[in-house]
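Look at the sequence and the structure below, then work through the exercises step by step.

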Amino acid sequence: MTAKTEAHAATPGRADADGVRSLRCSLDAPGMRRQRARYRGLARSLRQMSRHGDRLVVDFAPDLDRRALEQVLALERECCPFFCFSFDPHLRRLHVSVYESAATPALEALASLLSQPEPGA
């Protein structure tokens with residue numbers, strides 16, 4: 001995925017021609033590296049994270065970079081349409097769930113990314 005594609009990835013999760021959501025991330029290796037780096041940046045503001053069944057709840061500190069979060073979520077909606085995101089800006093709380101139970105393991109992958117802050121942070 002090119003940087004240009006990433007910049008225009010603000011549409012909701014997409015489905016294929018039959019209306020079925022893909023259960024695989026569509027990012028290529030360089031795109032995945034850039035997205036992991038974005039998650040490491042967000043991890044600096046992680047206050048608390050918990051898993052409630054098929055939902056991940058992430059609370060961020062007041063220093064959250066909202067623009068970075070919006071960029072991460074926009075790209076995730078494009079490349080991983082099986083995720084469903086809901087963000088409360090007043091509480092700085094992100095709810096992440098999946099549209100299909102088969103994608104539930106992806107919540108652990110996302111939690112892992114948010115648990116790895118940038119080196120030196």
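**Exercise 1: the cavity**

The count comes to one cavity of 30 Å³ or more. A cavity is a set of points on a 1 Å grid over the protein atoms alone where a 1.4 Å probe fits but cannot get out, and lining residues have an atom within 4 Å of a point. This is a predicted model, where local features need pLDDT of at least 70 and side-chain atom pairs count only at pLDDT 80 or more, while totals for chains, interfaces and linings use all residues. Residues are numbered from 1 along each chain as its sequence is written, and side-chain values use heavy atoms, with hydrogens and water left out.

Task: describe the largest cavity and its lining.

Step 1. About 30 Å³ of space lies in the largest cavity; a volume is the space filled by probe spheres set on the points, which are joined across faces, edges and corners.

Step 2. Among the residues that line the largest cavity are Tyr39, Phe60, Leu73 and Leu114.

Step 3. Sort the lining by class: ten residues are nonpolar, none polar and none charged. Here Ala, Val, Leu, Ile, Met, Phe, Trp, Tyr, Cys and Pro count as nonpolar, Asp, Glu, Lys and Arg as charged, and the others, Gly among them, as polar.

**Exercise 2: the pocket**

Task: find which residues lie nearest the centre of the largest pocket. A pocket is an open set with protein on both sides within 12 Å along at least five of seven lines.

Step 1. The volume of the largest pocket is about 260 Å³.

Step 2. Its lining has 15 residues, and Met32, Glu76, Cys80, Ala109 and Leu113 lie nearest the centre.
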